[in-house]
Structures are given as C-alpha cells and as structure tokens.
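Here is a short briefing to read alongside your model. Have the viewer open as you go through the points.

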Amino acid sequence: MICRPVTIALALALSNIAAHASPAPTPDFPARATAFADRPAIAVGVSWYPEQWPESRWETDLALMQKTGFNTIRMGEFAWSRMEPEEGKFDFAWLDRAIAAAQRHGFMVVLGTPTAAPPAWLTQKYPDVLRVDENGTRAGHGARRHFSFASQRYRDFARRIATEMAKRYGRNPAVVGWQIDNEVGPPSFDDESVAAWHAFLKARYGTIDELNRRWTTQYWSQFYNSFDQVPLHATGQQNPGLLLDFKHFTTATWTDYVQNQVRAMRPLIDPRAFITTNTMFWNAGFDHFVMHRDLDIAAWDNYIPDGRPDWVANGANHDLVRGYKQRNFWLMETQPGRVDWVPVNRALDPGQVRELAWQSVAHGADAVLYWQWRPSPNGQETYHGSVLGQDGEPNPIQAEIAHVAGDLVKATPLLADTQPVAKVGMLFSYDSRWAIDLQRHNKDFDPIKAFTDFYRPLRVQSQGVHILPAEADLARYPLVVAPNLNVLTEAQAKRLEAYVRSGGHLVLGPRSGMKDDANALWPQRQPGPLAALLGAQVAQFYALDQGVGVTGSVTGKASIWAEALEPLARDVRTLATYSDPGGWLDGKPAIVTRNVGKGSITYVGAWLDPETMARLAASLLADAKVAPILAGTDPDLEIAERAGAGKRILIAINHGNVAHPLALPAGAKPAGGDWADGAVPAHGIALFQLAPEAR
Ligand code: GLA
Ligand code: GLA
C-alpha cells in the first residue's frame, strides 16, 4: 500500500469542517429503527461475537437469542484479524455463514467495521500507524484504539477492510445498518498528526498573521512566524485559543476519519441501510453535532457504571444524543445488569434494566441492544454483565431482558414512526463546555454538572426537553434555555435575537456570551453579542467558596459562581438580587429580564441551588406557557410523550422503589405495561394512547 502524507482530500475536508461550512445535508433518514418497510420499526437485540466461538455452538446461541425475543444482532466490530488474517488476504467465509445463520433465524443484522482493533500484522509491519500519546509514548499492540487518527496509512487499510465488507454485505437483505469503528476517541500526537494540525490551522486561519491575531500571541512571546512552529498540545499551560482549536482539530480529524470509511461504503450499500458510529456519554473528545452531520442516525452506548441510576441525569444523555440529528436514535449498547470498568461494578436492581430500556425509548431510541451476549472465555472483559453465563446458560438477568424484548415487540405498532415531544429546548455547545473546562476559575464549575442542574427541574416539570445545537431551528420551542453559552458567535447571537423578536423566551445562564470561537474575550462585557438585546451586562463575575443569598421573584441560594449584573436599558426588570452583606455582590441584580419584540430574554447570573433552580424553572415555564403533559405526578415517575403518524403515546416509567398513583389522563386509553389499580408499580412502566385533542 502506498503511504502518502496528509492528502489534499484530508486538508480539504479539514478546512471544510474548520470553517464550519455546512456540507450538503444528508437526505432525511426515516425516523424509525430501520428504513426497510418490511422490517420491525423497533429493534431489540444484542452484540454477538461469533468469531470467539466454535461454529458448532452458533445454532444454540441463535435459538436462545430468538427465545429471548431479540430481533437484531450486532457483530463484526472487533474482528479485523479474523476478516483479514494476513495483509491483503481476506477471509469472510465465516462471517458469510454467521450472517446467513442469523438470517435463517429472522434477525436484522448491524455490522461494525472492525477498525477499532487493528491486527498484529499491521501494527508490527507498519508501526507508524500506532497512536502516540501527549508525552510521546507510542502505543503497543494488545488492547484497542491503538492507532493514530491522522495516519494516512491506517486510513488506507481501514478504508480497504470497510470497502471489502460493504462490497460483500452492502446488499445483503439481513443487514439493516452499519457502525463505523467503535467509540472513536483518543487523539494522537505523532508526526502525521502534527502535520495535519498545521494543515488544519492553515485552513482555519488562512494566514499566520490571522492566527497570531485571534490567539493574541503577543502574550508571553508566543508569536509564530509560520504554521509549522505551532506546537500540538491538548493540555498544559497553553494558549486558550490553541487549546480550543485543538478540540476543533480533533473534531475535524475524527469526523474525517469516520467519513473516510463512509465515503467508500455509501455507493456499495443499500440506501435504506443506515450508517452511524457509536458514541459515549458526554464524551469531550470531539463535537458530536459536527460528527453527525454526514451520518444517517445517531447511536450511543448507555452505561450506568455504578449501578445507581439518576434518571433525570441519564435522560439528559439521551436527549443530547437525540439532538445530534434531532431525530430518533439507536441505543447501540447497554448493560445487562453491570459493567466491569469502574472501581465498584454494582449491578442494577431487579427491574431497572427494563426501566432503563423504556427510558431510552421514551427519549427517542428506536433500538435497544445489549452488550453482550456471552462472556468470552478469556479477554479483557470477562467480568462484564452478559445475557448468558460462561456455561452458555441464561444468567438471572435474561428473564428481565426477555421481558424488555417482549414489551418492545408488542409495542412496535404503537411506537413506529413516533418521536419524543418537547416544548423546551436547551442549547448545548461543545465549544462552551471546552472553553469553561479549560479555564474553570472555580474548580467546582463542572460544565456538565452545571448543564444538568438547569436541565433537571426543566425536564421534571415540563416532561419534555430537546437538547439542541445553537444553530438549530428554535421556532417550535416556546422556551429555550442556554445554561452556559460561554462561546457565542455573532451568527449564533443573530439567530437567537431573531428567535426572541419573533416570540421566543430565551434564558441565558452564567458565563454566557464571554468568548468568541477562538476562545478570545469579546470586547464587550457578557453576554457579549447579546448584551445589547438584553439591555444589561455583567459588571463582574465572582468565584464563590460559600453560598450567597438570592432574593426576589425567586429566593434562595447561589454557590460556585455569581455575576453582578448591571441593567443598561430602562425597560430591563430585575427579578432577583444578591444578599451578601459586606461583599461585592450585595444588592446587585442576579437575574434580569427584558421583553423584546414578541418575546423575552432573561439572564441568570448565578449557579442556583437545586430548590431555587426548581422555583426558577417553574416561573420560566409559566411565563412561556409550557404546561406538563401530566400534572401532579411523583418525581420518581418519569412522563414522556412520543407522537407521530397520527398517534400520541404517553409513556410513564416508575424509577422508584414503591408504586406511584397515575390518574388516567382525560381521553387516554391504556396501551400496555404494568399499570393496574390506578398505579405504576416500582420499576414498572405504563403506556397510554392519548386522544389527539387531549392536550
Ligand atoms: C505572576 C507572574 C505574572 C502573572 C501573575 C498572575 O506574578 O509574574 O506574569 O502571571 O503571576 O497572578
Ligand atoms: C463499550 C464498548 C464495548 C464494551 C463495553 C463494555 O461500550 O463499545 O466494546 O467494551 O463498553 O461496557
């Protein structure tokens, strides 16, 4: 194979992503598990690794999967050394037989390209493909993800194996979808990555003068005479512009890494088969909105590592993944009870595996796949939860998973072509999250925790939140909350202004509108390009080591972070002020609001404690006239609605340990689940079909 340096194609792709140009939109993929009309709209299944087992066992396994109620199998994603045992020598006969066997049992198949685990012949003959960490240490063979995301040679090999698979199975009627690689993530710092970094910066800034200007490299004599002087760093005492652009670089490189395979596969596969990649929760490695622009659907791996689910926080994860494409997604992996990669791998309680499967569906999953079917006799993950035990017989959790499968198959006609309903939009920005994380100023300012603290009462009280990128179409959301929009571009500010003027209620949280997309301070005070619209600004921010009081239309406490606000326009109303005797914040506005056009803009300058946040959420929802789907339910009872194709389905999930009453909503018809005697039992679920006029 020929190894070229960073190719023109890569540089172009990087520049496209670097410039935030929107590529041609992908055709609208149907909002259902599969686009095959003759296939189930909801998938339920498991990861199976036939390459680890004697073929004589396959039939037994497939029969047991069928008995469990599964309709889908995912395979292939780590089997490179079996598919290509020697360079250029392919062996797909075993996979032909495995897919054919799955097909005989009526399963849908999702195939993973195996590029997360390069074979030994590859890394031995071409050690330049191996990943180098930030300290300069090259990875060795034997684990996974030990390749460099920028290696052209690696991409050539990856594209070739992906192409071979697509040629062979792209038109196979059993194959309904494709997963590229597996949980892409760690960057590399090898020479090719450095060259790609320089190409990326050149594409982004055009001239070195522009980079010097945007990063203010007169600071500490950082000035660069040319792009090739710019070091590649992810951490350390580096320029904040460099560190944020490092994230833009990893976004562009991982996106192009995935597209390198997608571009080759597209022409070879059935257009009804989706192409996706599976992602991890709150993964900070790249901007997931950008990654998904040219993928058909989003898919993710939902794990509760400590076995103690916080349903609201977990719901935020699902809503974020839904937001990548703003449509339904696949749950590509979830745990049959426990994981094996945290200090204490506690198993979920009886009933919680089912409850969490239903939660994913309530938030827009059209597929629930368990990882994995059976533990391999050896290998890194022999302690992980699985449907079968090492003896090939069902584990205790199998009965509950069979229950999930039965539920989902039965509910498929109801759920088909429906999507989660929400009246509240929340803006999540990777740039903002990174910018805050790079300069927290208060070690406790965890941007994900800050986001989740805003999300929690909004989700509980409104019963439907969509998490969106700042570029999304916001017109259908009466209330849009941006908890920490630290990086705010002019273009985003303009769109938000238009949203407010046409009747939207926009709420900005602390640290909003401080930086541009090179992580430089805006010349005006926060919220920067939205300060004029707000008619107020942040006079000063303060890191807090103890709480301060907040009084007014909401009264309570703020901690970690507080900003003294300063109204500038006469029609700005102060909703709450600080009480901080002897301190800078005392008597200063903490929350201000202003009616503009047909809508309003509100700025919340402090990180409020949960009770105060709940009161604030209630007043924001009331102002925007957002009513819950079903009022007066217990906080352990999650309520959600999926609507579409003329149907409205209410889903109730009891995340608690005791039964909770649930009054049948007006015009609703019970449509499955455990609802009985007017209550949902502990860890139980209930489905209702709502009348179109019921809300
Ligand atoms: C030291 C350095 C300065 C500056 C200040 C910030 O004193 O000499 O350059 O970094 O810290 O507190
Ligand atoms: C991730 C990986 C899987 C497996 C599971 C275990 O999600 O994608 O291959 O390692 O974790 O929890």
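A polar side-chain atom of Trp-341 lies 2.8 Å from an oxygen atom of ligand 2, a polar contact (a pair of N or O atoms within 3.5 Å). The protein covers 97% of the 310 Å² of accessible area that ligand 2 has on its own (Shrake-Rupley method, 1.4 Å probe). This is a predicted model, where local features need pLDDT of at least 70, side-chain atom pairs count only at pLDDT 80 or more, and totals for chains, interfaces and linings use all residues. Residues are numbered from 1 along each chain as its sequence is written, chains are lettered from A and ligands numbered from 1 in the order in which they are written, and side-chain values use heavy atoms, with hydrogens and water left out.

**Around ligand 2**
- An N or O atom in the side chain of Arg-144 is 2.7 Å from an oxygen atom of the ligand.
- For the side chain of Glu-381, the corresponding distance to an oxygen atom of ligand 2 is 2.4 Å.
- Residues surrounding ligand 2 include Phe-78, Asn-182, Asp-301 and His-384 (a heavy atom within 4 Å).

**Helix H11**
- Of the 15 residues of H11, 14 are buried, so the helix is largely enclosed by the rest of the structure (buried: under 20% relative accessible area, 1.4 Å probe, protein chains only).
- Gln-326 follows H11 and has a positive phi, near 50°.

**The sheet**
- Nine strands form an open sheet with parallel pairing, in the order S5-S4-S3-S2-S1-S9-S8-S7-S6 (strands are DSSP E runs of at least two residues; a pair needs at least two bridges).
- Its edge strands, S5 (274–276) and S6 (278–279), each pair on one side only.

Note on methods
Polar contact = N/O pair within 3.5 Å; in protein donor to acceptor, adjacent residues only side chain to side chain. Buried < 20%, exposed > 50% of the residue type's maximum accessible area, 1.4 Å probe, protein only. Helix = DSSP H or I, 4+ residues; strand = E, 2+ residues; numbered from the N terminus.
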